[in-house]
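Thanks for coming, everyone. I have a few minutes, so please look at the screen and follow along.

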Amino acid sequence: MRALSATGDDGLVELVRVPEPSVAAGEVLVDVQAVSVNRGELHRLTSATAGWRPGWDFAGVVADQESGTARAAGHLLPGTRVFGIADGGSWAERVAVPAARLAVIPDGLTVEWAATLPTAGLTALRTLRMAGDLAGARVLVTGAAGGVGRFAVQLARRFKAEVTAVVGRPERGEGLAALGTAEVVVGVEGVGGRIRPRPGGRRR
Ligand SMILES: NC(=O)c1ccc[n+]([C@@H]2O[C@H](COP(=O)([O-])OP(=O)(O)OC[C@H]3O[C@@H](n4cnc5c(N)ncnc54)[C@H](OP(=O)(O)O)[C@@H]3O)[C@@H](O)[C@H]2O)c1
């Protein structure tokens, strides 16, 4: 199959032919149709040796594999639209991951949109969950214009928090009001005096 592989030359990748993934027990083989790019893997690419295979987030369909592993692993029939997260190597035609790393793509969501969700979305979700129940709380999201930040804004609103978003430049705040922010502030200096520890909150 074809895959993108590091050239070992300052973050560059090239399209190469690689062996098909081997599918271990409990894993599902996915025909990849879309991937998204995360800051962390781009950073890792800059120091990668030739042959390293990038790729965390992906979306596609469960491959029609003969072994039936997919069905046994996660009751995911071939052709089911799924998205998920790999430890690497998803910038390829196929990727094998444990069934628990996959979720079914809801109707109405494209593979391209679904592929943006896993790493950045889970980062935002886990960060917000550390703060406990956010209903009625006031939440400050720094880097709100970024990939993780926009998910954090939307999830915090979903958890019924009031959100103040911090952006670096006024134009970076575009679209944040539509996501439900109560306030968009340019520069963290603009909110510094208003930040105080949450009563009963924990530092981690
Ligand atoms: N993407 C992931 O899946 C992921 C996973 C784990 C951890 N992280 C971490 O989460 C953070 C955000 O990642 P991301 O993918 O969302 O990156 P991103 O899309 O590049 O967004 C980064 C945001 O940080 C803001 N920013 C940059 N320098 C800043 C500074 N000196 N002070 C305050 N804000 C600054 C930028 O704001 P303006 O554009 O408004 O200037 C930008 O919106 C990073 O630290 C990343 O390592 C990301």
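Let's start with a pair of charged side chains. Arg169 and Glu171 form a salt bridge, with 3.0 Å from N to O. Keep in mind that this is a predicted model. How exposed are the two partners? Arg169 has a relative accessible area of 44%, so it is partly exposed. Glu171 has 48% relative accessibility, so it is partly exposed as well. The cut-off matters here: a residue counts as exposed only over 50%.

Why would such side chains pair at all? Opposite charges can pair when the charged atoms come close.

How many salt bridges does the structure hold? Six. Let me take you through some of them.

Next, Arg2 and Glu93. Their side chains meet in a salt bridge at 3.1 Å, N to O. Arg2 sits in strand β1, residues 2-6, while Glu93 sits in the loop between β5 (81-85) and β6 (94-98), so this pair ties together parts that are 91 residues apart in sequence. Arg2 is partly exposed, at 39% relative accessibility. Glu93 is partly exposed too, at 27%.

Now find Arg138 and Glu162. This salt bridge spans 3.7 Å from N to O. Arg138 belongs to strand β8, residues 138-141, and Glu162 to strand β9, residues 162-167, so the pair links parts that lie 24 residues apart in sequence. Is Arg138 buried or exposed? Exposed, with a relative accessible area of 59%. Glu162 is partly exposed, at 39%.

Stay on Arg138 for a moment. Its C-alpha atom is 13 Å from the C-alpha atom of Arg158. Along the chain, Arg138 and Arg158 are 20 residues apart.

One more item on charges. Glu20, Asp31 and Arg94 are joined in a network of salt bridges.

On to the ligand. How many residues are around it? There are 13. Of these, Arg39, Gly147, Val148, Gly168 and Arg172 come nearest. What kinds of residue make up this shell? Four are nonpolar, seven are polar and two are charged.

α4 gives the most, with three residues.

Now zoom in on the oxygen atoms of the ligand. One oxygen is 3.0 Å from an N or O atom in the side chain of Asn38. A backbone N or O atom of Ala120 lies 3.2 Å from a ligand oxygen. For Gly147, a polar backbone atom is 2.9 Å from an oxygen of the ligand. How much of the ligand does the protein cover? Taken alone, the ligand exposes 890 Å², and the protein buries 51% of that.

Let's go inside. In soluble globular proteins, nonpolar side chains tend to be buried together. Here, the largest nonpolar core has 18 residues. Those with the most contacts inside this core are Leu134, Val139, Val141, Ala144, Val153, Ala156 and Leu176. Which elements give two or more residues to the core? They are α4, β8, α5 and β9. α5 gives the most, with four residues.

Now for the backbone. Most residues other than glycine have a negative phi. Two residues here are worth a look. Asp10 has a phi near 50°, which is positive, and Asp10 is not a glycine. Where is Asp10? In the loop between β1 and β2. Asp10 is exposed, at 62% relative accessibility.

Lys160 is another case. Its phi is near 70°, again a positive value in a residue other than glycine. Lys160 is in the loop between α5 and β9. At 61% relative accessibility, Lys160 is exposed.

Last stop: Val13. This residue lies in strand β2, residues 13-17. At 32% relative accessibility, Val13 is partly exposed. How far is Val13 from Pro54? In sequence, 41 residues; in space, 8.9 Å from C-alpha to C-alpha.

Note on methods: Residues numbered from 1 in each chain as written. Predicted model: local features only at pLDDT ≥ 70, side-chain atom pairs only at ≥ 80, totals over all residues. Heavy atoms only, no water. Salt bridge = Lys/Arg side-chain N within 4 Å of Asp/Glu carboxyl O. Buried < 20%, exposed > 50% of the residue type's maximum accessible area, 1.4 Å probe, protein only. Near = heavy atom within 4 Å. Polar contact = N/O pair within 3.5 Å; in protein donor to acceptor, adjacent residues only side chain to side chain. Areas by Shrake-Rupley, 256 points an atom, 1.4 Å probe, with all protein chains shown as cover. Nonpolar A, V, L, I, M, F, W, Y, C, P; charged D, E, K, R; others polar. Core = buried A, V, L, I, M, F, W, Y, C linked by side-chain atoms within 4.5 Å.
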